[in-house]
Amino acid sequence: AKNSRMYSEALELYKRAEIMDNSNEYLKHKIIMLTYKSELPNKESALKKAAILLEKSFNLNTSVNPRILELGGVIFKKMAEIEYEKNPKILSVISQRFILKSLRAYEKSYSISKNYFVGGSYANVLLLAALLEKNTKMKFYHFINSLSIWQTIYDQTSGIQNQPGNSLKSN
């Protein structure tokens with residue numbers, strides 16, 4: 001509840017700033033992010049509102065902004081989780097649609113940014129897509145891609161561990 005209030009207050013400030021500069025992508029990004037994080041009036045409604053704002057403000061098919069694409073990945077993944085939680089026995093078409101939207105957004109963000117945090121999210125969504133997939137070939141395709149991403153992330157970060165002054169050093 002405390003965080004919801006803080007997010008809501010920050011959201012109002014960003015909305016006021018957007019009035020002065022309504023074409024500012026940074027402000028739009030923050031407004032969308034704070035909308036879903038506020039979870040007001042509830043988590044599902046906040047995510048739906050954030051998704052509408054996202055699709056109204058940005059075209060994820062043409063965007064090359066990795067932060068916007070990552071935000072799309074997060075929102076659609078969380079929407080898929082909510083749909084799945086409503087009825088876990090049925091792999092709903094709605095949940096699958098949200099996973100595919102999340103997958104496309106994360107894939108594009110990761111291919112542009114090569115950020116391993118985004119890569120980890122992308123790999124996790126690939127695993128979710130594999131679990132939801134009915135077609136065996138596509139199931140393996142998503143699973144193998146996920147493993148490939150995790151291998152790339154491992155390769156990227158294993159060099160970081162051995163650099164002087166890094167707190168990620170192994171014992």
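Helices H2 and H3 are roughly antiparallel to each other, a term that applies to angles over 145 degrees, just as angles under 35 degrees count as roughly parallel. The model is predicted: local features need pLDDT of at least 70, side-chain atom pairs count only at pLDDT 80 or more, and totals for chains, interfaces and linings use all residues. Residues are numbered from 1 along each chain as its sequence is written, and side-chain values use heavy atoms, with hydrogens and water left out.

Two packed helices are described by the angle between their axes and the distance between the axes. Here helices are DSSP runs (H or I, at least four residues) numbered from the N terminus. Axes are lines fitted to C-alpha atoms, for helices over the stretch in contact, and angles run from 0 to 180 degrees between N-to-C directions.

| Helix pair | Axes come within | Crossing angle |
|---|---|---|
| H2 and H3 | 7 Å | roughly 165° |
| H2 and H4 | 11 Å | roughly 15° |

H2 covers residues 25-38 and H4 covers residues 66-86; these two helices are therefore roughly parallel to each other. H2 passes H3 in a left-handed crossing, meaning that the near helix is turned anticlockwise from the far one by less than a right angle. The crossing of H2 with H4 is left-handed.

Contact means heavy atoms within 4.5 Å. On the H3 side, Lys28, Ile31, Ile32, Thr35, Tyr36 and Ser38 of H2 meet Ala46, Leu47, Lys49, Ala50, Leu53, Leu54 and Ser57. The residues of this contact comprise 8 nonpolar, 3 polar and 2 charged. Towards H4, Glu25, His29, Ile32, Met33 and Tyr36 of H2 meet Arg67, Ile68, Leu71, Val74, Ile75 and Lys78. That contact divides into 7 nonpolar, 1 polar and 3 charged residues.

**The nonpolar core**

A nonpolar core is a set of buried Ala, Val, Leu, Ile, Met, Phe, Trp, Tyr and Cys residues joined through side-chain atoms within 4.5 Å, where buried means under 20% relative accessible area (1.4 Å probe, protein chains only). The largest such core has 32 residues, of which Tyr36, Leu54 and Ile75 touch the most other members. At least two residues each are supplied by H2, H3, H4, H5, H6 and H7. H4 gives the largest share of this core, 9 residues. Among the residues touched by Tyr36 are Ala46, Leu71 and Val74.

**Leu132**

Leu132 lies in helix H6 and counts as buried because its relative accessibility is 10%. Leu132 and Val93 are 39 residues apart in sequence and 9.5 Å apart in space, C-alpha to C-alpha.

Conventions: Angles under 35 degrees count as roughly parallel, over 145 as roughly antiparallel, 65 to 115 as roughly perpendicular and the rest as oblique. Ala, Val, Leu, Ile, Met, Phe, Trp, Tyr, Cys and Pro count as nonpolar, Asp, Glu, Lys and Arg as charged, and the others, Gly among them, as polar. Buried means under 20% relative accessible area, exposed over 50%, partly exposed in between (1.4 Å probe, protein chains only). Lists of a residue's contacts leave out its neighbours within four places in sequence.
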